[in-house]
Amino acid sequence: MTQLNKKPILTVEQFENLLVYFSNSFIGKENEDDILWDLAKNCISKLGLVDCVIYVLDKQKNVLVQKAAYGPKNPKDKNIHNPVDIKLGEGITGSVAKTGNPEIISDTSKDNRYIIDDEQRLSEICVPIAYEDIIYGVIDCEHPEKNFFTNQHLKMFSAIASICAVKIKSIRANNALIKKQQKFLQIKEEMLALKLQALKSQLNPHFVFNAINAIQYFITEGNKKSSLEYLSIFSKLIRFYLKYLEEDLVYLKDEVNMLNWYLKLQELRYSNRFKYTINIDNSSELENTKIPAFVIQTLFENIIEYAIINQHNNQSLNANFKVNNNNVILTIEHKYDAILESEIQYSPEYRTQITKWQDQIQLLNTIKNYNIEKHITLIKDNSLLKGTLITLKLPNLN
């Protein structure tokens, strides 16, 4: 029979040297598992013990997970023999993890909380790995003999657990910071992609080529006034897009001007197939009101393209902006001659643009927490469709 090392007692100097060694061994390690295995193999082993398991608390599942071991539970390398999970509050380890209080069990046969893992042992010591009331896990050691563990063991394990907890806290904080930085970079990339996508949507070749063709048409027809008006409005739109390409927000007054220019161009382009009005409640608030850039025009573009695809006649677009301290509410009433719902057509290009706009809104809500909302109500007369009422809620970001 192998003789067990009874109650190994370290001198103060030996123990201090062990703590220094243990602390130095952490230098350069930024992986939690490496820290725990180093604790088990290079620290616990030097205390002359026969069995030790280190648990980490999984807060999501509310269980203790065996992460490192020394003795029979660790047959070789960094492997744990038959790893088990223990629910928080169950067994001696679960109780210590729940209360945060270390325990020495002199005779486990008399403690009904004792859970047999690989084999029955009569002594157990369990110490929480904790820092500032945060429990990260526990160090659990067992011994075949009764009354094996002493208060000196408790002091040693408590000191070791404290050092381990500080390092785990540092690693997790560092990992959280790295994750936050990565998320920030991801958000910046997504926002840049969003702006480019929005600009691409505003300046899509179809719109630009049609604008140029319209100018060319007015020139060839000798309509100097219309050609100059169209060119002037088109140039204003281009300057607006380029001005706000680097910006997340736009003044509402500028957005209203842009919308006027855009709708005027579309009105000229489609030979007066629709009329529009733009009204602003609380117009005095326009000067200071800001909203997310590159949102409104895309919505109007989708409305107009949808109407043209379905050959709606006698269209009217009535836009109303209502400003309050928290939100800008845009209500769009789009009416046209009644048509059967069964006659409605959808084009793949139109559906793609709608999807992109919805993705744009979802991304803004996710990244910026803007809480942008859109609601659509169909204006119907029995089976006839006579228009839509669209409400868009935007944040007032003055």
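**Loops and helices in the model**

Colleague: Where does threonine 108 lie?

Modeller: Threonine 108 sits in the loop between strand 4 (103–105) and strand 5 (123–131). Helices (H or I, at least four residues) and strands (E, at least two) are DSSP runs, numbered from the N terminus. This is a predicted model, with pLDDT of at least 70 for local features and 80 or more for side-chain atom pairs, while totals for chains, interfaces and linings use all residues. Residues are numbered from 1 along each chain, and side-chain values use heavy atoms, without hydrogens or water.

Colleague: Is threonine 108 buried or exposed?

Modeller: Threonine 108 counts as buried, because its relative accessibility is 2%. Buried means under 20% relative accessible area, exposed over 50%, partly exposed in between (1.4 Å probe, protein chains only).

Colleague: What does threonine 108 touch?

Modeller: Leaving out residues up to four places away in sequence, threonine 108 touches Tyr114, Gln120, Arg121, Leu122, Ser123 and Glu124. Contact means heavy atoms within 4.5 Å. A polar atom of the threonine 108 side chain also lies 2.5 Å from the backbone oxygen of arginine 121.

Colleague: And where is aspartate 107 found?

Modeller: Aspartate 107 is in the loop between strand 4 and strand 5. Aspartate 107 counts as buried, because its relative accessibility is 13%.

Colleague: Which side chain makes a polar contact with the side chain of aspartate 107?

Modeller: That of lysine 146, at 3.5 Å. A polar contact is an N or O pair within 3.5 Å; within protein, one atom must be able to donate a hydrogen and the other to accept it, and residues adjacent in sequence count only through two side-chain atoms. Besides Lys146, aspartate 107 touches Leu122, not counting residues up to four places away in sequence.

Colleague: New topic. In which helix is leucine 154 found?

Modeller: Leucine 154 is in helix 4 (residues 151–202). Its relative accessibility is 21%, so leucine 154 counts as partly exposed.

Colleague: How far is leucine 154 from isoleucine 104?

Modeller: They are 50 residues apart in sequence. In space, their C-alpha atoms are 7.7 Å apart. Setting aside neighbours within four places in sequence, leucine 154 is in contact with Pro102, Ile104, Ile125 and Val127.

Colleague: How many residues of helix 3 are buried?

Modeller: In helix 3 (residues 91–99), 7 of the 9 residues are buried, so the helix is largely enclosed by the rest of the structure. The buried ones are Gly91, Ile92, Thr93, Gly94, Ser95, Val96 and Ala97.

Colleague: What do the buried residues of helix 3 pack against?

Modeller: Six strands are listed by name: strand 1 (51–58), strand 2 (63–70), strand 3 (85–87), strand 4, strand 5 and strand 6 (134–143). Just after helix 3, glycine 100 takes a positive phi of about 80 degrees.

Colleague: Which residue caps the N-terminal end of helix 2?

Modeller: Asparagine 31 does. One of its side-chain oxygens lies 2.9 Å from the backbone nitrogen of aspartate 33. Helix 2 spans residues 32–42, and its buried residues include Ile35, Leu36, Trp37 and Leu39.
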